Amino acid sequence: FELASMSTAAGGGGFITKLKVETNITAMANATLRIYFFRDTPTSITADNVAMTIAYANSSKRSFYIDITLDPLVTGSDTIFGQTLDLSTEYACLATSMYFTVQTNSAFTPTTGGKIKVIVSALKVN
């Protein structure tokens, strides 16, 4: 996925200050996700619903990852939320966009048409 305009100029960057995730896949209660961030468009990305692999071909593009654990399901709810504590993770872009992929680190049965929303809060420095 692309995060457009993460820097004000090519080669710029900033700091990720918070990461939030929300999903309507209730089976993901208490699940842990790993969000990988890239400074340029990654190649050799694993297809959806296929076991995650990490390609060395992306090593110059991969910046870091952030783990996030989703909350328990509140009785009667149809969504689960999770967020990090305040962060100060520095990033740099090759152009002005960053990219990310989502890896599930917990086993669960996905829901047909289920959605995962990732919200990134950032402070652009340049």
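Is Lys-18 buried or exposed? Lys-18 is buried, with a relative accessible area of 18%; buried means under 20% relative accessible area, exposed over 50%, and partly exposed in between, with a 1.4 Å probe and protein chains only.

**Basis of the report**

The structure is a predicted model, in which local features need pLDDT of at least 70 and side-chain atom pairs count only at pLDDT 80 or more, while totals for chains, interfaces and linings use all residues. Residues are numbered from 1 along each chain as its sequence is written, and side-chain values use heavy atoms, with hydrogens and water left out. The predictor's confidence in each residue, pLDDT, runs from 0 to 100. For this chain the mean pLDDT is 91, and 98% of the residues reach 70 or more. Among the elements of the chain, strand β2 has the highest mean pLDDT (96), and strand β7 (residues 98–104) the lowest (92).

**Overall form**

The chain contains zero helices and eight strands. Helices (H or I, at least four residues) and strands (E, at least two) are DSSP runs, numbered from the N terminus. The radius of gyration of the chain is 15 Å, close to the 14 Å that the globule rule gives for 126 residues, so the chain is as compact as a globular protein of that length. That radius is taken over C-alpha atoms, and the globule rule is 2.2 Å times the number of residues to the power 0.38. Along the principal axes, the C-alpha atoms fill a box of roughly 45 × 30 × 20 Å.

Of the 126 residues, 33% are buried. Among the contacts (heavy atoms within 4.5 Å) with a separation of 6 or more, 83% are between residues 24 or more positions apart. The chain exposes about 7200 Å², of which carbon and sulfur atoms supply 53%; accessible areas come from the Shrake-Rupley method with a 1.4 Å probe, and for residues only the protein chains shown count as cover.

**Strand pairing**

Strands of a sheet pair through backbone hydrogen bonds, either parallel or antiparallel. Two strands are taken to pair if DSSP finds at least two bridges between them. Four strands form an open sheet in the order β1-β7-β3-β4, with antiparallel pairing. The edges are β1 (2–3) and β4, each with a single partner strand, so one side of each is left without a neighbour in the sheet. Within this sheet, β3 and β4 pair over seven bridges, and Phe-38 has Arg-62 in β4 as its bridge partner.

Strand β2 (residues 13–23) pairs with β5 in the antiparallel sense over four bridges. Lys-20 has Gln-83 in β5 as its bridge partner. Gln-83 and Phe-81 make up the uncovered face of β5 (residues 80–83), whereas Ile-80 and Gly-82 make up the covered one.

**Salt bridges**

Side chains of opposite charge can pair when their charged atoms come close. The structure holds two salt bridges, each defined as a side-chain nitrogen of Lys or Arg within 4 Å of a carboxyl oxygen of Asp or Glu.

| Salt bridge | Closest N and O atoms |
|---|---|
| Lys-18 with Asp-86 | 3.2 Å |
| Arg-34 with Asp-67 | 2.7 Å |

Lys-18 lies in strand β2 and Asp-86 in the loop between β5 and β6 (89–92), so the pair ties together parts that are 68 residues apart in sequence. Whereas Lys-18 is buried, Asp-86 counts as exposed at 64% relative accessibility.

Asp-67 is partly exposed, with a relative accessible area of 36%.
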